[in-house]
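Dear colleague,

Here is the structure I said I would pass on.

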Amino acid sequence: MHRRDLIRIAAAAAAATPMPRWAWSATLRQRDLFPLGVASGAPTPDGFVLWTRVAAPPAAPAADALPGTLTVRWEVAEDEAFRRIVRQGQAQALAVLGHAVHVEVAGLAPGRWYFYRFLHGDAVTPPARTRTAPAPHEMPRHARLAFASCQRWEQGHYAAYRHLVQEDVDLVLFLGDYIYEYAMPRRPPVPPEPPPVRTHDLPVATTLQDFRDRYALYRSDEALQAAHRACPWLVTWDDHEVQNDYAGLAGLGGLGGVDAAAGFLARRNAGYQAFYENMPLRASALRRGLAGLGTLDGVRVHDRHAWGRLMDFHVLDTRQYRDRQACRPAGGAAQGSVSPTRCGELREPARSMLGADQERWLAQGLAQDAAGGVRWSVIAQQTLFSQRNTAQPPAERFGTDTWDGYPASRQRVLDALRAAGPRNTVFLGGDIHQNYVCRVLADFADARSPVIASEFCGTSITSLSRVPPERAAEIVRRNPHILLARPEQRGYAVADITPERWTTTLRVVDDVARPDSGIATQARFVVDDGVPGPRPA
């Protein structure tokens with residue numbers, strides 16, 4: 001299907017049209033048509049996006065397969081019993097979009113909570129909660145958000161989400177690796193790596209149906225469904241939504257000739273479409289991207305979201321537009337780390353993590369924050385932003401897949417940050433399966449340069465870290481701007497934000513192998529208004 005047709009269909013399906021007086025289709029009654037749950041996202045002062053995906057139960061007879069188009073109802077109410085319905089309508093679940101439903105609701109009051117649900121025949125989703133963003137001129141006295149990433153199915157249960165729903169957050173930021181594309185390992189793990197906690201029988205995801213099946217597996221988890229029902233999410237992706245360590249148009253085998261590149265592009269397009277189908281994104285996400293590179297020209301996930309004058313979220317995409325990793329062999333995987341003396345490509349000035357257009361977009365947004373009096377500029381992206389030298393100084397060794405692999409691009413972001421002068425800047429990240437807390441320097445090549453921002457890079461929901469704690473402690477000693485590095489526990493982070501202070505609490509589960517695991521606080525850090533750099537609470 002051509003991109004223009006896909007965009008037109010997605011926009012039409014997302015339109016929040018009034019519910020007609022006649023009854024909707026009575027087919028497929030008495031059946032759970034919503035086994036993957038619901039979600040909401042992209043909140044604005046007057047609305048949000050509602051999501052679900054219609055699916056027939058696995059045991060349903062072939063004759064009862066879903067039709068090409070299915071009409072569902074949706075309702076938004078002020079109360080959980082749906083006695084005070086404020087918006088309602090119908091939406092189309094189309095086979096061409098995996099029977100996903102995206103409803104863009106508008107015309108609501110700013111800064112308040114609502115309940116929503118989907119219906120078809122006798123099938124009704126459980127009530128779910130979402131909210132609108134504060135009014136543009138408002139300075140909220142308090143906001144509470146969680147950020148999370150990296151939830152490989154077989155490496156643990158989603159006990160973290162069982163606890164997250166009790167945190168009463170306004171918003172969840174998911175920073176990438178919602179799914180993992182791998183098949184189950186063919187051989188048992190070598191100690192000290194633990195055995196899988198749970199299994200699946202899906203192949204390596206390469207086609208659109210493969211990716212749809214993978215999202216269906218992950219979204220079948222009850223704890224994850226509950227977390228989506230609790231509040232709106234802002235989402236971005238990392239590499240595993242397509243392929244480990246891919247970079248722009250470069251994947252494994254994607255540097256080895258025209259046929260290999262075309263094969264990887266087809267895989268990337270499939271992963272991108274499946275991400276859109278399974279996330280609470282607006283139809284406009286399909287309208288912009290890389291032109292002329294296939295039937296789907298990309299999905300735009302980098303976006304800005306305002307929370308009154310308290311916060312602006314600059315959600316980045318560090319995968320789709322980046323240059324390939326430095327010194328990466330043709331058709332092969334990225335190197336884990338390199339020495340700059342042996343990899344001159346690492347510091348080439350033209351290389352970018354974001355692409356030139358997204359770099360300019362971010363710089364413009366930071367300048368707008370400064371001009372508009374926004375209190376906290378939140379740069380929500382995928383991985384560790386601060387420099388992490390893993391060698392004993394004066395020697396240097398840096399990872400190629402984090403921002404360390406793109407030092408010139410990072411410096412341009414830092415220069416833009418200094419030039420714009422927003423009041424407070426906080427970087428949030430994931431990817432590395434470790435908790436990191438850092439002071440962000442104006443120039444990491446000069447350890448004496450001033451601190452200009454704060455960074456919290458969160459651990460994973462389930463995905464394992466192979467870094468021993470003693471190795472992480474060495475890295476802290478070698479990099480004075482790194483205040484904490486803890487690889488040994490899984491979890492999420494909660495941020496409490498007021499006009500005067502940002503407080504991040506690192507929450508970690510006791511045992512990722514237990515669905516009923518307890519949870520504890522690993523550490524807590526504070527950033528004071530006007531004072532860049534975290535400090536222990």
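An open sheet is built from seven strands, ordered 12-13-15-17-19-18-20, with mixed pairing. Strands pair here if DSSP finds at least two bridges between them; strands (E, at least two residues) and helices (H or I, at least four) are DSSP runs numbered from the N terminus. Strand 12 (303–307) and strand 20 (482–486) are the edges; each has a single partner strand, so one side of each lacks a neighbour in the sheet.

This is a predicted model: local features need pLDDT of at least 70 and side-chain atom pairs pLDDT 80 or more, while totals for chains, interfaces and linings use all residues. Residues are numbered from 1 along each chain as its sequence is written, and side-chain values use heavy atoms, without hydrogens and water.

Strand 12 pairs with strand 13 (residues 311–315) in the antiparallel sense over five bridges. D303 has V315 of strand 13 as its bridge partner.

One disulfide (cysteine sulfur atoms within 2.5 Å) turned up in a search of the whole structure. It joins C327 and C343, with the sulfur atoms 2.0 Å apart. C327 lies in the loop between strand 13 and strand 14 (337–338), and C343, 16 residues away, in the loop between strand 14 and helix 6. The S-S torsion of C327 and C343 is about 110 degrees, so the disulfide is right-handed.

C343 is buried at 2% relative accessibility, whereas C327 is partly exposed at 24% (buried is under 20% relative accessible area, exposed over 50%, partly exposed in between; 1.4 Å probe, protein chains only). The sulfur of C438 is 7.6 Å from its closest cysteine sulfur, in C457, too far for a bond.

Regards
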